[in-house]
Amino acid sequence: MATDEPVDAGREPATTAPTTAPTTAPRTGRRGRRLVRQSVTWMFVVAVCVAVTLALRDQDWSTLGQLARPRTVPVLAVALAVTSAGLLCATRAWLLTISATGAPVPARTGVRMFFVGFLGKFLPGRVWGLLALLKLGERAGMSRTRTAGIYLVNVVVVLVSGATVGLLVAPVLLGAHSLWLFPPLGALLVLLLARPVLIDRVVSVAARLARRQRPAPLARPEHLRRSIAWQTASWVLFGVHVWVIATLLGAAPVETAAVALGAFALASVAGTLALFVPDGAGVREVLLIAALTVVLPLPAAVTTAIASRVLCTLAEIVTAGIALLVTALRDRRAARAVEASRDAAAERSPATASV
């Protein structure tokens, strides 16, 4: 029968090696990474605030001052509200795009992702908004590949729907011989509405060309169809304010409607493609002025384009600020509800144990 080995009197018993050293390094590393992430987040927030402040400061507010008269102030307020409604339609399109990919993202998180990425457009280069989206996607439990795939799908939806609405200005700018543009682009939009999985294939090809991992296939194609419809409605609502300003400056309301809606959509798409220009500044105005000179004198067209930039910037910042504030308040309320439920469960557990 085995017996325990005696311990020599002169030998110290074996002690367990301290484990604090191996665990301290990972904790320090995690703390350092967390500090870096927080620093980058605050740098992005400060950069966006500075860019938005500069964008507001650089606007020619005198143009709105010239238009703002007692009779026109209510009309401009309606135009501002319609522009905000267009931005909310674009938000709905983004949420439907997320849902189409099957990503388990709560609505509040999706709204925050949209507006944080949207405000990134005021910084030079589109990469900053994308990086913010990737970071928020990680916090929501999505991989960077999946978030980038959602972003690419949304870009395709935005560009195709915007170019289709932009066709409204083609007959005015290019004449009757430009009518051949309507069948192909119109057919493309109808085809995407009927077969939204084609967008998924386009994104897959883009990922292959960029030597990136292929995003997950669409889980709910019907939601992408609805996203295209909401985004198209967004472009139409965005152009209403241009029509309002142009008519206030003397343009014929009926003749100007198609020009205003199409010109703004087409100019905005071109500004989006100007990757290194903050919010397409200058690019959008040049194209908008070129289209509006058909229905307005050149000075009035310039005034319309400048007033459009001011009104759009104001609507975008106000809408984004309110949306982010509401989501933050709801997140805080939800966190308090979770904490209250935990406290209630902790109070019930001793009573249950005593029983």
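Student: What share of the 355 residues in the protein is buried?

Tutor: In this predicted model, buried residues make up 39% of the 355. The cut-off for that label is a relative accessible area under 20%.

Student: Why is Ser-308 called buried?

Tutor: Ser-308 has a relative accessible area of 1%. Buried means under 20%, so Ser-308, at 1%, is buried.

Student: Where does Ser-308 lie, and which residues does Ser-308 touch?

Tutor: Ser-308 lies in helix H13, residues 298–354. Leaving aside residues up to four places away in sequence, Ser-308 touches His-241, Val-242, Ile-245, Phe-264, Arg-284 and Leu-288.

Student: How do you know that the span of helix H3 is close to the expected one?

Tutor: H3 covers residues 73–100, which is 28 residues.

Student: What follows H3?

Tutor: H3 is followed by Gly-102, which has a positive phi, near 80°.

Student: How many helices and strands does the protein have?

Tutor: There are 13 helices and 0 strands. Read from the N terminus, the elements run α-α-α-α-α-α-α-α-α-α-α-α-α.

Student: What share of the contacts between residues at least 6 apart in sequence joins residues at least 24 apart?

Tutor: The share is 74%.

Student: What is the accessible surface of the protein, and how much of it belongs to carbon and sulfur atoms?

Tutor: The accessible surface comes to about 19,600 Å², and 68% of that belongs to carbon and sulfur atoms.

Terms used
Residues are numbered from 1 along each chain as its sequence is written. This is a predicted model: local features need pLDDT of at least 70, side-chain atom pairs count only at pLDDT 80 or more; totals for chains, interfaces and linings use all residues. Side-chain values use heavy atoms; hydrogens and water are left out. Helices (H or I, at least four residues) and strands (E, at least two) are DSSP runs, numbered from the N terminus. The expected span of a helix is 1.5 Å times one less than its number of residues. Buried means under 20% relative accessible area, exposed over 50%, partly exposed in between (1.4 Å probe, protein chains only). Contact means heavy atoms within 4.5 Å. Accessible areas come from the Shrake-Rupley method with a 1.4 Å probe; for residues, only the protein chains shown count as cover.
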